[in-house]
Amino acid sequence: MQRHLISAADLTRDDAVLILDTAEEMARVADRPIKKLPTLRGRTVVNLFFEDSTRTRISFEAAEKRLSADVINFTAKGSSVSKGESLKDTAQTLEAMGVDAVVIRHGASGAPYRLATSGWIDAAVINAGDGTHQHPTQALLDAFTMRRRLVGRDAGLGRDLDGRRITIVGDVLHSRVARSNVDLLHTLGAEVTLVAPPTLLPVGVETWPCEVSYDLDSTLTKSDAVMMLRVQRERMNAAFFPTEREYSRRYGLDGDRMARMPEHAIVMHPGPMVRGMEITAEVADSDRCTVVEQVTNGVSIRMAVLYLLLGGNEPAVTHARTTEEK
Amino acid sequence: MDTQSDARPVLEGPDIARVLTRIAHEIVERAKGADDVVLLGIPTRGVFLARRLAAKLEQITERKVPVGSLDITMYRDDLRMHPPRALARTEIPGDGIDGRLVVLVDDVLFSGRTIRAALDALNDIGRPRAVQLAVLVDRGHRELPIRADYVGKNLPTSLRETVKVQLAEEDGRDTVLLGAKPATQGAQP
């Protein structure tokens, strides 16, 4: 049995629903005067961040502290990694210090998998984003936000996203968020449509469990949630579209487009947003946009994942994807 | 339930109703009118018992009695000995518990470890004036210095026996069953 969270594709429907239900209870801790649970007392969690991140790192740190874990923050900048230390040596150093879990973000796809399966360390590995591969806790918090908004807080308990139509728009090619979301939302029974210019769709996208479209306007009118992705300039080394203006006219979400969405539909964004590019300020500041809510939900989801992986003598999340997916 | 097919009922539906009525009267008597009482049930069956007690208290005092639930999973002392359990709902009534008389409600009092965890959980939620404990069945075998203030039935048991409370809300009928423990299992609170 595995005890890591490397990819959203590893989660069964029951695992995912258990994490969402657990997060719903964790969310209630935030309403208390003392926002702390003793559950992970005496467990050490290392946040191993080889790539820049603000919200994910802070979110994990908040979740770890609310569960009373001892937190060690490690950023590549200013560490021995900048002196040329390998992932293996860093991992062995952490192992020698006796850590119980490693939350890792790395620029190279597959680094968390390598860490989990190499035998270098004994700790549980949680993927906080690797290259253009996966970001499973982001997908979980997105699914949590959708379930709360589209199904209901209490009505959603024990339920998945069966039949909900989710549209993911933008730079799918460079997006680990899109990959994780497609995997998880499919597991949860949602129908996912990717909308992007052909140049920003990865090779092999036709094998993913989702629809693909090049036309945003025709998809918008039948979406329950629209997730806008950031155009990742830092990962772009070629011209993927002629001009920014053309991109935002064809694939950006503005007030007019939002008005054509169904009344109950929500707008999501994993952040950081580039206002004026994929989303206008009017949309970003409207109450249909769940960006801030997603950040809050991120802490609850990460608390749930940490509790389910570390809280007992063995993980509650099985990762054994034996049952046939829906 | 297969393993408990030889279980025999020690309390039936009407007994449970009578017992809860008596406990409700005892709470009113001891709390001198029960105007600052908050009932907190411990999931799963403690919550149903707390709601039934609240209904009875409302009949007696003709006043609304706040009732909620307190999940103790995250405060258990045996968390590291089992896979993580699914969490249950903690629902604290709107006015909170500060300065109130909190009555914890559970179905079976056994080792006392659940109640210890509940006291820890309460600590993170507020500061009650006092905390009391009401249980449907006290089966003995305490492992901690904890006692109940209101007991439905004292049931002397051996450690080889199991006590199972069934309530209509969860199990379709009201009964307390005393059975023999399957040979393979260790003692569990």
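Predicted model: local features only at pLDDT ≥ 70, side-chain atom pairs only at ≥ 80, totals over all residues.
In what order do the five strands of the open sheet in chain B run, and is their pairing parallel or antiparallel? Good morning, colleagues.

The order in chain B is S3-S2-S4-S5-S6, and the pairing is parallel. Strand S3 (67–69) and strand S6 (150–154) of chain B are the edge strands, each of them pairing on one side only. From one strand to the next, the twist averages 25 degrees.

Let me take one pair from this sheet. Strand S2 (residues 37–41) and strand S4 (residues 101–109) of chain B are joined in the parallel sense over five bridges. Within this pair, B:Val38 stands opposite B:Val102 of S4(B).

I turn to the helices on the sheet. Helix H2 (residues 45–61) of chain B packs on the sheet and touches S2, S3, S4 and S5 of chain B. The direction of H2 makes about 155 degrees with that of S2(B). Helix H1 (residues 13–30) of chain B lies across S2, S4, strand S5 (130–138) and S6 of chain B, and runs at about 150 degrees to S6(B).

There is also an annotation to mention. An unreviewed UniProt entry lists residues 102–114 of chain B under "short sequence motif: PRPP-binding". In the model, that span is 62% strand and 15% helix, and its end C-alpha atoms lie 16 Å apart.

I now move to chain A and its helix packing. Two packed helices are described by the angle between their axes and the distance between the axes. Helix H1 (residues 13–29) and helix H5 (residues 136–151) of chain A have axes that come within 10 Å and cross at roughly 70 degrees. H1(A) and H5(A) are therefore roughly perpendicular to each other. Their crossing is right-handed. On H1(A), the contact is made by A:Ala16, A:Ile19, A:Leu20 and A:Ala23; on H5(A), by A:Leu140, A:Ala143, A:Phe144 and A:Arg147. The residues of this contact comprise seven nonpolar, one charged and no polar.

H5(A) also packs against helix H11 (residues 291–310) of chain A, at an angle of about 115 degrees and with the axes 8 Å apart. This crossing, too, is right-handed. Which residues of H5(A) meet H11(A)? They are A:Thr137, A:Leu140, A:Leu141, A:Asp142, A:Phe144 and A:Thr145. Their partners in H11(A) include A:Glu293, A:Asn297, A:Ile301 and A:Val305. By class, the contact of H5(A) with H11(A) holds five nonpolar, five polar and three charged residues.

Thank you for your attention.

Terms used: Residues numbered from 1 in each chain as written. Chains lettered and ligands numbered in written order. Axes fitted to C-alpha atoms, helices over the stretch in contact; angles between N-to-C directions. Helix = DSSP H or I, 4+ residues; strand = E, 2+ residues; numbered from the N terminus. Parallel < 35°, antiparallel > 145°, perpendicular 65-115°, else oblique. Left-handed = near helix turned anticlockwise from the far one by under 90°. Contact = placed C-beta atoms within 7 Å. Nonpolar A, V, L, I, M, F, W, Y, C, P; charged D, E, K, R; others polar. Pairing = 2+ DSSP bridges. UniProt positions renumbered as here; feature names shortened; annotations may be inferred.
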